[in-house]
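Colleague: I'd like to learn how to read a model like this one. Could you walk me through it?

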Amino acid sequence: MILVLSASLHPDSRSRILANVAKSKLEEISQNVVMFDLANKPLPMCDGMTCYGDPNAQELASLIEQADAVLLASPVYNYDVNAAAKNAIELTGKAWTNKLVGILLAAGGPGSYMSAMGVANSLMLDFRCLVVPRFIYALGDSFQGNALVDPQIDERVNELIEEIIRLKTAITS
Ligand SMILES: Cc1cc2nc3c(=O)[nH]c(=O)nc-3n(C[C@H](O)[C@H](O)[C@H](O)COP(=O)(O)O)c2cc1C
């Protein structure tokens, strides 16, 4: 199973559009995909103690544990993923151990393209994740309404998915 984790809490999120595009493409090639959208499944802030009993946090941790790969779709906030994505990782911690991870970002401007590196480093060093070095980074003009209209970004999503499937198959064989 491949888990798509959408981290934006914005009702008209562009990273959620990227998440949905990735989900549809995976389904087209008969992959088993589960979407977990933080906008629909509110999580408590991680306090390092009682938060782990929250049902949504437990559901997410269980999905991450079961997943062969996780695609994290997030807004860029302050040159990083948003706090909701970071909080979701804090809440689910060890469930990420050895996961294959792809990252899709929506940003406001071109200058923040290295914003995935903080979360990528922490996933690699904390949980030994294999983070695919093929990030998706899309700006506002790649979208119209609810649609991704940029063929280059669409092709990059194809490439990310190909790489996820190639590595998933290699790891599990
Ligand atoms: C609090 C906040 C911080 C932001 N920081 C950045 C930033 O550092 N770099 C950037 O390119 N865009 C930044 N943006 C713009 C968002 O990345 C952009 O609106 C993006 O579409 C948000 O993703 P979403 O549509 O999935 O919610 C920021 C927006 C907000 C609200």
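Modeller: Gladly! Let's begin with burial: a residue counts as buried if 20 or more other C-beta atoms lie within 10 Å of its own, and as exposed if 12 or fewer do. Keep in mind that this is a predicted model.

Colleague: Which residues of helix H4 are buried?

Modeller: In H4, residues 117-127, the buried ones are Val119, Ala120 and Leu123. Viewed down the axis of H4, these buried residues fall within an arc of 105°, so they line one face of the helix. Asn121 and Leu125, on the other side of H4, are exposed.

Colleague: What do the buried residues of H4 pack against?

Modeller: Their partners are helix H3 (83-92) and the strands E4 (80-81), E5 (100-106) and E6 (130-131). Just after H4, have a look at Arg128, with its positive phi of about 55°.

Colleague: Now the core. Which residues of the largest nonpolar core touch the most other members?

Modeller: That core has 52 residues, and Leu5, Leu18, Ala22 and Leu71 touch the most other members. Take Ala22: leaving aside neighbours within four places in sequence, Ala22 is in contact with Val4, Leu71, Leu104, Val157 and Ile161.

Colleague: And how many residues surround the ligand?

Modeller: There are 16, the closest being Ser8, Ser13, Ser15, Pro75 and Gly108. Helix H1 (14-28) and strand E3 (69-77) are the elements giving two or more residues to this shell.

Colleague: What is the make-up of the shell by class?

Modeller: Eight of the shell residues are polar, six are nonpolar and two are charged.

Note on methods. Residues are numbered from 1 along each chain as its sequence is written. This is a predicted model: local features need pLDDT of at least 70, side-chain atom pairs count only at pLDDT 80 or more; totals for chains, interfaces and linings use all residues. A nonpolar core is a set of buried Ala, Val, Leu, Ile, Met, Phe, Trp, Tyr and Cys residues joined through C-beta atoms within 7 Å. Two residues are in contact if their C-beta atoms, placed from the backbone, lie within 7 Å. A residue is near a molecule or strand if its C-beta atom, placed from the backbone, lies within 6 Å of it. Helices (H or I, at least four residues) and strands (E, at least two) are DSSP runs, numbered from the N terminus. Ala, Val, Leu, Ile, Met, Phe, Trp, Tyr, Cys and Pro count as nonpolar, Asp, Glu, Lys and Arg as charged, and the others, Gly among them, as polar. The arc is that of the directions from the helix axis to the C-beta atoms.
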